Amino acid sequence: MRRALACAALLVLALALESALAQPAGLTAITVQPNAEGGQTYTLTLQILAVMTALTLLPAAVLMMTSFTRIIIVLAILRQALGTAQTPSNQVLLGLSLFLTIFVMMPVFDQINTQALQPYLAEEMDPMQATQAAAAPFKQFMLAQTREDDVGLFAGIAGQAEIATPEDTPFSLVLPAFVTSELKTAFQIGFLVFIPFVIIDLVVASVLMSMGMMMLSPMIISLPFKIMLFVLIDGWSLIMGTLAASFYT
């Protein structure tokens with residue numbers, strides 16, 4: 001049986017090699033054709049390759065160019081403040097952050113669909129023009145959430161201290177400034193979220209100390225009270241609504 005399988009495998013390999021050697025030429029790697037407007041059109045195979053390559057950068061783009069960073073940091077700080085360890089789990093937090101990001105970014109996605117995607121599918125734009133048209137709504141969104149100090153910081157590092165209007169800011173400066181501003185905003189919101197739960201921990205620890213129960217962990221006693229407080233004030237609706245509204249103010 002082993003010899004038969006080995007012979008069959010060798011036969012298939014030999015047929016594959018023979019078929020490959022028999023082909024005079026493979027697929028054309030790059031075919032560039034000039035169009036009527038003086039530009040250049042690439043083959044569909046090359047376009048698919050470029051799209052598949054761009055998809056590898058999609059996670060980084062979702063993290064850095066949208067509202068995802070602020071949302072996931074605030075939710076992670078909230079879980080730490082509650083003291084519930086891995087509840088909600090990382091998968092739940094990522095899912096909440098992703099769907100809330102889609103909700104917040106939907107106006108931007110609609111602009112990209114109208115200004116870039118549909119004209120490109122209708123062959124009214126080439127890939128470069130569609131990419132530039134798609135980057136404009138992202139840039140407008142990021143500029144609205146970015147502090148001027150952060151833009152000035154990276155402009156000074158890059159040697160571009162003189163920028164007439166925010167719209168003239170290069171995309172290479174907007175992106176790091178936006179990420180820095182999002183980190184600052186996320187930690188500011190996280191600080192405000194953390195304060196009520198710290199107060200509960202302090203009250204519980206003081207009560208236990210006054211009762212002489214120093215061997216009992218305050219976290220065990222304070223956890224039910226923090227969960228009860230969070231449920232009574234409808235905490236999830238407040239957190240999700242505040243996060244979503246923070247991008248529209």
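**Note on the nonpolar core and salt bridges**

1. The largest nonpolar core comprises 37 residues, and those with the most contacts inside it are Leu75, Leu78, Phe141, Phe197, Ile239 and Leu243. At least two residues of this core come from each of α4 (68-82), α5 (90-121), α6 (127-145), α8 (171-210) and α10 (235-245). Helix α4 supplies the largest share, 10 residues. The model is a predicted one.

2. Leu75 deserves a separate remark. Apart from neighbours within four places in sequence, Leu75 is in contact with Leu93, Leu96, Ser97, Trp236, Ile239, Met240 and Leu243.

3. The structure contains 3 salt bridges. In one of them, Glu182 pairs with Arg70, with the closest N and O atoms 2.6 Å apart. Glu182 belongs to helix α8 and Arg70 to helix α4, so this pair ties together parts that are 112 residues apart in sequence. Both Glu182 and Arg70 are buried.

4. A salt bridge also joins the side chains of Lys184 and Asp150, at 2.8 Å from N to O. Since Lys184 lies in helix α8 and Asp150 in helix α7 (residues 148-158), the pair ties together parts 34 residues apart in sequence. Lys184 is partly exposed, its relative accessible area being 36%, whereas Asp150 counts as buried at 2% relative accessibility.

5. Asp201 and Lys226 form a salt bridge in which the closest N and O atoms are 3.4 Å apart. This pair links distant parts of the chain, with Asp201 in helix α8 and Lys226 in helix α9 (residues 218-232), 25 residues apart. Asp201 has 19% relative accessibility and therefore counts as buried, the cut-off being under 20%. Lys226 is buried, with a relative accessible area of 1%.

Key:
Residues numbered from 1 in each chain as written. Predicted model: local features only at pLDDT ≥ 70, side-chain atom pairs only at ≥ 80, totals over all residues. Heavy atoms only, no water. Core = buried A, V, L, I, M, F, W, Y, C linked by side-chain atoms within 4.5 Å. Buried < 20%, exposed > 50% of the residue type's maximum accessible area, 1.4 Å probe, protein only. Helix = DSSP H or I, 4+ residues; strand = E, 2+ residues; numbered from the N terminus. Contact = heavy atoms within 4.5 Å. Salt bridge = Lys/Arg side-chain N within 4 Å of Asp/Glu carboxyl O.
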